[in-house]
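This briefing goes with the sequence and structure shown below. Please look at both before reading on.

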2 protein chains.
Amino acid sequence: MVRVIVIGSGAAGMTAASEAKRADPSAEVTVFTEDEHIAYSPCVIPWALEGKAKWEDIVMHDADFYSKNRGINVNTRTKVTEVNDSERTVTTENGDVFQYDSLIIATGSSVFIPPVEGKDLQNVFGIKTINDGKAIESALKDVKRVVIAGAGVIGLETALSLINIGKEVTVIEMMSQVIPRIADSDMAAPIQKYLEEKGVKFVMNAPLKKVNGTEKVEGVTTGDTEYPCEMVIFATGVRANLAIPKMLELDIGQLGAVITAPTMQAYKRGRLCSNIFLAGDVVQCQSAVTSGATMSQLGSSAVKQGLVAGKNAVGFKSVSGPVASPWVSAIGDLQIAGTGMSEGLASWYGLEIVSGKATGLTRARYYPGGKELTVKIIADKCSHRIIGAQILSEEEVTGRINWLTSAIIEGVTAEDFAIRSENAYCPPTNQVRDVVLSAVDDLIKKL
Amino acid sequence: MVRVIVIGSGAAGMTAASEAKRADPSAEVTVFTEDEHIAYSPCVIPWALEGKAKWEDIVMHDADFYSKNRGINVNTRTKVTEVNDSERTVTTENGDVFQYDSLIIATGSSVFIPPVEGKDLQNVFGIKTINDGKAIESALKDVKRVVIAGAGVIGLETALSLINIGKEVTVIEMMSQVIPRIADSDMAAPIQKYLEEKGVKFVMNAPLKKVNGTEKVEGVTTGDTEYPCEMVIFATGVRANLAIPKMLELDIGQLGAVITAPTMQAYKRGRLCSNIFLAGDVVQCQSAVTSGATMSQLGSSAVKQGLVAGKNAVGFKSVSGPVASPWVSAIGDLQIAGTGMSEGLASWYGLEIVSGKATGLTRARYYPGGKELTVKIIADKCSHRIIGAQILSEEEVTGRINWLTSAIIEGVTAEDFAIRSENAYCPPTNQVRDVVLSAVDDLIKKL
């Protein structure tokens with residue numbers, strides 16, 4: 001009987017625990033988590049704030065369910081204070097010691113709040129956990145004006161949610177565009193425009209300098225300008241939770257997360273640990289575009305890695321591939337998605353790129369109800385390989401971005417994509433030549 | 001100056017003509033077509049019958065547009081009676097002779113109407129051209145009961161269209177399921193059920209023996225049963241129009257269509273013709289699943305092949321890859337899509353297969369409005385390669401079927417797909433693990 005201990009109860013941890021038990025029903029699987037709520041999607045919090053999803057619904061299962069239905073022992077509100085890999089033991093904060101054969105670390109990440117003055121004032125929030133969400137919801141009752149720091153997808157989704165419930169919302173962003181880094185400005189601009197039309201105010205090129213107030217938030221300062229508000233939400237990205245990996249002296253990568261093998265095993269001073277696995281926001285990944293590491297702190301990546309870690313923890317063999325990290329965000333009626341590298345990120349990595357772009361419809365032109373669909377595809381000028389893509393529409397975005405993700409991962413060139421790809425066609429579902437293929441046609445003309 | 005003559009004015013012909021002129025603006029491009037209407041999508045006819053699309057809208061461009069905007073000379077209602085490849089001339093029915101350097105044959109296909117008694121009675125129709133559609137529309141005024149022969153996607157789309165305008169519709173199908181050959185019965189059954197609920201009557205396992213009537217249709221007979229009706233529409237598939245290829249003695253393949261090289265060049269007695277290209281329903285294709293030929297008589301294939309034929313006709317080099325032929329059909333609220341081989345077709349080809357299946361939602365479970373989404377993936381038991389897939393939902397089907405098409409074309413195994421594929425995630429757009437990946441997980445468990 002294999003004893004598996006999982007630390008962490010997010011998508012990665014609970015997937016790993018379930019998969020370990022599924023792959024080896026005789027395994028004894030125990031989860032420790034500091035959290036009160038387990039197995040929920042933090043991505044839905046923006047919609048929960050406006051009541052489109054209910055707090056009680058977004059928790060898929062509770063500890064009791066895992067115990068009764070899957071034979072997994074989940075210990076909530078239980079902090080692990082010590083891990084000893086020579087003894088293969090985990091010690092919790094009340095001093096209990098548990099033995100493991102395999103350890104799975106899925107401690108996730110926490111919101112990064114920049115170390116500015118006033119960050120600890122009342123009504124300053126991160127937005128990551130259900131408790132964050134509930135605290136924001138409860139504080140919102142007495143709040144009229146909200147500043148959101150960070151124009152990434154979570155910041156923008158939250159901005160619209162708060163507009164929808166009647167708040168005045170200002171988004172403050174350090175960079176010159178919304179969704180910086182992962183989206184290009186030409187694709188992101190319509191999102192900003194849409195939100196402005198909904199009433200969101202944007203302050204761009206504006207690093208947040210200070211949160212003002214005595215006890216409670218009264219405003220924020222960027223540059224020399226003060227923006228009065230009663231609440232600040234930091235949507236400024238996340239950082240891996242490294243306390244447990246550091247305790248075990250696991251190798252940490254240059255991106256500030258744990259290095260893993262494709263098996264999701266940890267390294268310690270360059271040597272693979274046979275019995276320590278990781279999954280989720282705590283790890284860094286192999287990029288499918290460049291040689292080297294990248295971050296993939298996405299729910300979908302967490303689940304995928306959790307499946308691999310869980311299987312391997314009970315002795316099966318499974319690996320996780322290099323990542324292009326496709327993402328999608330729904331901002332009101334709009335959906336924006338991306339995969340691989342944006343133009344900006346590619347230039348950071350020293351790649352010379354060429355982009356193709358096409359706009360069409362999600363239905364045939366002569367069939368009513370089609371939505372505008374814009375596809376941008378980015379190729380490496382040297383190899384002609386497709387290395388990135390972004391899509392903007394009101395529907396039918398997700399399947400297309402996954403399709404292009406496969407092309408990136410398989411190292412397909414633009415020309416080969418045009419030769420070998422096909423698209424299904426029916427007037428009510430798309431155009432006879434899908435906009436994805438038209439974008440590749442445009443790309444090839446420019447290559 | 002290259003002189004290009006194109007015979008045929010459907011998606012393949014007009015795409016080839018436009019691409020030839022685009023690639024070489026100095027080329028003289030002339031199109032001959034027997035049709036009155038050019039450059040339209042026959043796929044939309046079922047919806048035009050119920051008024052969801054307008055006849056005048058579905059013709060993208062007329063001859064005048066091509067002449068003025070693209071410098072292409074289109075001769076409608078002009079039959080080509082002779083082609084002489086030694087002289088490189090085309091003769092039209094009024095005796096005019098035209099010289100070409102490159103010839104593109106895109107003569108398409110015609111509805112196959114089985115040679116049953118009564119097939120020439122008044123109110124018996126095929127459904128392929130705008131004129132077919134308009135003739136049906138006009139005859140429908142005096143018709144209460146319609147029999148549709150053939151439960152393929154065109155037959156079913158037409159059945160629902162006619163129900164929507166108040167007709168009594170009976171679909172008669174030779175096989176035991178709707179969408180036979182390209183869809184499996186488990187995936188097609190919900191479509192039949194949906195149509196039955198809308199009022200369509202089905203007579204299955206029933207080859208149509210006879211159309212009854214003296215002058216006009218009065219009914220049809222299958223087996224010993226007569227079904228009274230005032231109109232019969234044959235949606236019994238299409239056959240390539242081979243008159244011109246036969247005139248030129250081009251090599252015809254075992255599937256009853258012209259054999260082409262990847263460049264879309266014709267063969268004559270096993271030798272490549274340097275200056276004869278083909279595209280669209282008139283050709284047979286290389287299958288991406290098996291070694292050997294397959295048919296891909298789809299609008300999307302026609303456009304893709306037209307691009308290649310057009311480029312090559314003016315001296316550029318371009319090739320068309322092997323095909324998995326993804327298709328999608330919208331039947332009222334439902335969308336069904338497929339790619340590669342169905343289980344039935346695979347067994348005809350002697351492949352031993354294993355299938356995986358998963359059902360989920362098009363949104364996160366806790367986000368309102370998600371539609372049920374079922375994905376079935378078929379692998380070759382020997383190589384584990386993905387060779388087919390089918391998807392059923394109310395939305396978000398097309399991108400996913402194109403994604404799986406790429407896997408088939410690239411020869412990806414089920415295990416490699418699980419290792420290397422990723423999916424974007426956002427609660428309003430899909431589940432954290434896309435149903436496509438869950439179907440692959442199920443497939444791997446069974447392999």
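A polar contact is a pair of N or O atoms within 3.5 Å; within protein, one of the two must be able to donate a hydrogen and the other to accept it. The side chain of Gln177(A) has a polar atom 3.3 Å from the backbone oxygen of Ile179(A). The model is a predicted one.

**How the chains are related**

**The interface between chain B and chain A**

- Chain B brings 64 residues to the contact and chain A brings 65 residues.
- About 5,400 Å² is buried between chain B and chain A, and carbon and sulfur atoms give 61% of that area.
- Within chain B, the residues that lose the most area to chain A are Tyr366(B), Arg420(B) and Glu422(B), which together make up 15% of what that side buries.
- There are 29 residue pairs in polar contact across the interface, both residues being at pLDDT 80 or more.
- On the side of chain B that touches chain A, two or more residues come from each of α3 (55-58), α9 (299-313), β23 (327-331), α11 (398-409), α12 (414-420) and α13 (435-446) of chain B.
- The element that gives the most to this side is α11(B), with nine residues.
- The side of chain B that touches chain A holds 31 nonpolar, 17 polar and 16 charged residues.

**Salt bridges between the chains**

- Two salt bridges are counted between chain B and chain A.
- In one salt bridge, Arg420(A) pairs with Glu410(B), and the closest N and O atoms are 3.2 Å apart.
- Arg420(B) forms a salt bridge with Glu410(A), again with the closest N and O atoms 3.2 Å apart.
- This pair crosses from helix α12 of chain B, which holds Arg420(B), to the loop between α11 (398-409) and α12 (414-420) of chain A, which holds Glu410(A).
- Arg420(B) is partly exposed at 22% relative accessibility, and Glu410(A) is partly exposed with a relative accessible area of 34%.

**Salt bridges within a chain**

- Over all chains, the count comes to 42 salt bridges.
- Glu19(A) and Arg22(A) form a salt bridge through their side chains, at 2.9 Å from N to O.
- These two residues, Glu19(A) and Arg22(A), are three residues apart in helix α1 (residues 11-23) of chain A, so about one helical turn separates them.
- Glu19(A) is buried at 8% relative accessibility, whereas Arg22(A) is partly exposed with a relative accessible area of 39%.
- In chain B, the side chains of Arg145(B) and Glu230(B) meet in a salt bridge of 2.6 Å, N to O.
- Arg145(B) counts as partly exposed at 29% relative accessibility, while Glu230(B) counts as buried at 18%.
- One network, made of salt bridges that share partners, joins Asp184(A), Asp186(A), Glu343(A), Lys357(A) and Lys376(A).

- Gln177(A) sits in the loop between β11 (168-172) and α7 (185-198) of chain A.
- With 16% relative accessibility, Gln177(A) counts as buried.
- Besides the atom of Ile179(A) given above, the backbone oxygen of Ala183(A) lies 2.9 Å from a polar atom of the Gln177(A) side chain.
- Beyond four places in sequence, Gln177(A) is in contact with Ala183(A), Asp184(A), Ser185(A), Ala188(A) and Met204(A).
- Phe202(A) is 25 residues from Gln177(A) along the chain, and the C-alpha atoms of the two are separated by 9.7 Å.

- Thr374(A) belongs to strand β26 (residues 372-380) of chain A.
- Thr374(A) is buried, its relative accessible area being 10%.
- The side chains of Thr374(A) and Thr359(A) are joined by a polar contact of 3.0 Å.
- Not counting residues up to four places away in sequence, the residues that Thr374(A) touches include Met187(A), Lys357(A), Ala358(A) and Gln390(A).

Note on methods:
Residues are numbered from 1 along each chain as its sequence is written. Chains are lettered from A and ligands numbered from 1 in the order in which they are written. This is a predicted model: local features need pLDDT of at least 70, side-chain atom pairs count only at pLDDT 80 or more; totals for chains, interfaces and linings use all residues. Side-chain values use heavy atoms; hydrogens and water are left out. Contact means heavy atoms within 4.5 Å. Buried area is the accessible area (1.4 Å probe) that two parts lose on being put together, summed over both. A salt bridge is a side-chain nitrogen of Lys or Arg within 4 Å of a carboxyl oxygen of Asp or Glu. Helices (H or I, at least four residues) and strands (E, at least two) are DSSP runs, numbered from the N terminus. Ala, Val, Leu, Ile, Met, Phe, Trp, Tyr, Cys and Pro count as nonpolar, Asp, Glu, Lys and Arg as charged, and the others, Gly among them, as polar. Buried means under 20% relative accessible area, exposed over 50%, partly exposed in between (1.4 Å probe, protein chains only).
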